[in-house]
Amino acid sequence: MSSNITANWSYPTSVKLGRGRIKELADACKSLGIKKPLLVTDRGLASMAITKNALDILEDAGLGRAIFADVDPNPNEKNLEAGVKAFKDGGHDGVVAFGGGSGLDLGKCVAFMAGQTRPVWDFEDIGDWWTRASIDGIAPIVAVPTTAGTGSEVGRASVITNSETHVKKIIFHPKFLPGVVISDPELTVGMPKIITAGTGMDAFAHCLEAYSSPFYHPMSAGIALEGMRLVKEFLPRAYREGTDLEARANMMAAAAMGAVAFQKGLGAIHALSHPIGAVYNTHHGMTNAVVMPAVLRFNRKAIEEKICRAAAYLGISGGFDGFYDYVLKLRSELGVPETLSAMGIAPDRIDELSAMAIEDPSAGGNPVALTLENTKALFRDCF
């Protein structure tokens with residue numbers, strides 16, 4: 001395979017993958033009927049060349065030049081309110097969600113909430129709460145990922161942190177799925193090594209947990225398996241050589257695959273990682289990587305046979321133990337801290353974190369049912 005990977009996919013939405021395809025941003029907006037887009041990104045990206053270039057492309061095509069970047073690493077409802085205000089005040093009719101998970105999640109949520117009168121928490125991913133939404137005012141979305149991790153560009157939800165309770169809530173609606181995605185690997189070349197590692201491990205965690213989840217969804221399981229293979233082959237390369245565009249493009253594919261696959265469910269890796277991130281503001285993907293071995297040990301009796309099949313597909317010998325050793329080796333290659341303690345977290349809030357973990361929406365997909373007691377033990381194991 002050459003570094004010039006290009007593809008047009010219509011699953012699960014229109015995805016334009018390939019180097020230099022950011023040039024198609026204005027056309028993507030026009031195809032969705034957007035005449036005055038608001039580009040939503042995070043503070044870190046606001047002043048970067050890739051962001052200015054995207055704004056130039058929009059401006060040169062007569063679509064204006066508007067950016068909202070008041071977004072925290074874990075976006076909250078205050079960022080959301082400010083974003084919706086900017087959208088309405090500017091008379092915008094669509095959103096370009098630009099960035100990693102935080103920029104993508106907030107951008108999608110701004111487009112959604114622009115048409116709502118109820119508070120955002122009324123659309124949490126519980127039962128059929130999404131049917132409460134008014135569909136008329138939801139603005140169209142073009143998503144432009146600049147990392148290869150969350151896969152939020154092909155997701156139907158946003159994670160928004162409640163700034164008062166520090167709990168991450170999953171806000172869901174089918175209309176959150178962007179109408180067009182532009183996945184240009186050149187936008188990910190500038191990612192620092194630690195972000196390449198953290199976002200890549202997030203993609204791997206999505207695939208691993210979706211594959212391991214007990215729910216019946218063979219399509220997702222198949223996608224998860226190939227997503228893991230792409231991470232195995234290309235994440236170490238993208239980490240070692242950030243300008244390797246073949247590796248970068250394949251990691252963008254793996255990230256999108258992880259997010260498509262986790263319709264099948266997530267599990268304890270995410271159930272532990274969400275409260276840690278909400279309380280300590282840690283990087284989500286890196287936190288996933290830290291707790292991954294402990295969760296594999298915890299779930300072993302329920303997933304051993306599945307993991308043996310995955311190991312065989314990934315070319316790893318030694319069944320479950322071989323797969324487990326591979327995860328440890330990958331983590332050390334990417335400079336992942338070995339424990340939560342090594343991440344600088346003290347074990348003094350395990351009770352509180354465990355209570356949050358068993359309430360997390362991801363908990364239900366874990367192959368071994370999570371209780372308060374076994375979750376506390378699992379947390380202790382992560383330290």
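Which feature does UniProt place at residues 12-185? The unreviewed entry gives "domain: Alcohol dehydrogenase iron-type/glycerol dehydrogenase GldA" for these residues; UniProt positions follow the numbering used here, feature names are shortened, and annotations may be inferred rather than shown by experiment. The structure is a predicted model, in which local features need pLDDT of at least 70 and side-chain atom pairs count only at pLDDT 80 or more, while totals for chains, interfaces and linings use all residues. Residues are numbered from 1 along each chain as its sequence is written, and side-chain values use heavy atoms, with hydrogens and water left out.

The span 12-185 is 28% helix and 21% strand, and its end C-alpha atoms lie 19 Å apart. Helices (H or I, at least four residues) and strands (E, at least two) are DSSP runs numbered from the N terminus.

The protein chain is divided into domain 1 (14-188) and domain 2 (193-381), with bounds from an automatic or database domain assignment. Their C-alpha centres are 25 Å apart. The contact (heavy atoms within 4.5 Å) takes 21 residues from domain 1 and 24 residues from domain 2.

Between the two domains, about 1,900 Å² is buried, and carbon and sulfur atoms give 66% of this area. Buried area is the accessible area (1.4 Å probe) that two parts lose on being put together, summed over both. On the side of domain 1 that touches domain 2, strand S8 (residues 167-172) supplies the largest share, three residues.
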